[in-house]
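Here are a few friendly notes to read alongside the model. Please keep the structure open while you go through the points.

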Amino acid sequence: MKRFSFRLQSLLNYRSHLEYFAKQETAKAYMGVRESEERIVQLKNEFSRIAKILDNSAVKGVSAREFKRFNDYLDSVDNDIKGETATKKSLEKILRDKQKILTEKSVELKVLERLKEKQEKQYMDEFLKDEQKNLDEVASLKKAREITNAA
């Protein structure tokens with residue numbers, strides 16, 4: 001009996017390849033979200049740091065011009081935080097889309113893998129059945145020879 005061969009092996013390989021790339025795309029999207037979160041944290045820390053400096057300067061006395069510069073900078077950092085938050089939301093949407101695609105690719109791959117396993121099991125069952133049949137035949141022929149030789 002010949003060796004098991006899965007007729008759809010090339011399709012299985014292709015789907016495995018597609019899943020691999022979907023995983024890479026998902027990982028890139030995830031890293032984009034993480035980097036955006038880190039930038040937001042950095043901007044918030046910068047905002048807090050400058051706000052503390054402004055408070056300390058205000059206590060000591062600060063000119064109106066310098067106060068306006070601090071305020072303008074804080075407004076700029078606040079706008080950057082809002083912009084980065086919006087960017088993060090769009091990146092999260094992209095990540096969800098990539099995860100959905102990855103899930104679809106994984107399901108498609110699993111379907112083929114299960115089909116291959118099922119066909120391989122069916123092949124092995126038939127192979128073992130044929131082998132058992134051959135062994136039974138050999139045993140019965142051996143027994144028939146023994147009976148013929150004994151008589």
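1. Let's start with Leu 109. Leaving out residues up to four places away in sequence, Leu 109 touches Leu 12, Arg 15, Ser 16 and Glu 19. Leu 109 is found in helix α2. Is Leu 109 buried or exposed? Leu 109 counts as buried, because its relative accessibility is 6% and the cut-off for buried is under 20%. Please bear in mind throughout that this is a predicted model.

2. Leu 109 and Ser 5 are 104 residues apart in sequence, and their C-alpha atoms are 18 Å apart in space.

3. Next, please look at Leu 102, which also lies in helix α2. Beyond residues up to four places away in sequence, Leu 102 touches Glu 19, Ala 22, Lys 23 and Thr 26. From C-alpha to C-alpha, Leu 102 and Glu 19 are 6.4 Å apart, although 83 residues separate them in sequence. With 17% relative accessibility, Leu 102 counts as buried.

4. Lys 98 has its place in helix α2 too. Which residues does Lys 98 touch, not counting those up to four places away in sequence? They are Glu 25, Thr 26 and Ala 29. Lys 98 is partly exposed, with a relative accessible area of 25%. Looking along the chain instead, Lys 98 and Lys 143 are 45 residues apart, and 66 Å separates their C-alpha atoms.

5. How do α1 and α2 lie relative to each other? The axes of helix α1 (residues 9–60) and helix α2 (residues 64–150) come within 7 Å and cross at roughly 165°. That makes α1 roughly antiparallel to α2, because angles over 145 degrees count as such. The crossing of α1 past α2 is left-handed. In the contact of α1 with α2, the residues divide into 26 nonpolar, eleven polar and 18 charged.

6. How far does each helix reach, from its first C-alpha to its last? For α2, with 87 residues, the span is 124 Å, close to the 129 Å expected at 1.5 Å a residue. For α1, with 52 residues, the span is 76 Å, close to the expected 76 Å.

7. Ser 57 has its place in helix α1, and Ser 57 is buried, with a relative accessible area of 17%. Leaving aside its neighbours within four places in sequence, Ser 57 is in contact with Val 62 and Phe 70. After α1 comes Gly 61, whose phi is positive, near 105°.

8. A last stop is Gly 83, found in helix α2. At 34% relative accessibility, Gly 83 counts as partly exposed. The C-alpha atoms of Gly 83 and Lys 121 are separated by 56 Å, with the two residues 38 apart along the chain.

Conventions
Residues are numbered from 1 along each chain as its sequence is written. This is a predicted model: local features need pLDDT of at least 70, side-chain atom pairs count only at pLDDT 80 or more; totals for chains, interfaces and linings use all residues. Side-chain values use heavy atoms; hydrogens and water are left out. Axes are lines fitted to C-alpha atoms, for helices over the stretch in contact, and angles run from 0 to 180 degrees between N-to-C directions. Helices (H or I, at least four residues) and strands (E, at least two) are DSSP runs, numbered from the N terminus. Angles under 35 degrees count as roughly parallel, over 145 as roughly antiparallel, 65 to 115 as roughly perpendicular and the rest as oblique. A crossing is left-handed if the near helix is turned anticlockwise from the far one by less than a right angle, and right-handed if clockwise. Ala, Val, Leu, Ile, Met, Phe, Trp, Tyr, Cys and Pro count as nonpolar, Asp, Glu, Lys and Arg as charged, and the others, Gly among them, as polar. The expected span of a helix is 1.5 Å times one less than its number of residues. Buried means under 20% relative accessible area, exposed over 50%, partly exposed in between (1.4 Å probe, protein chains only). Contact means heavy atoms within 4.5 Å.
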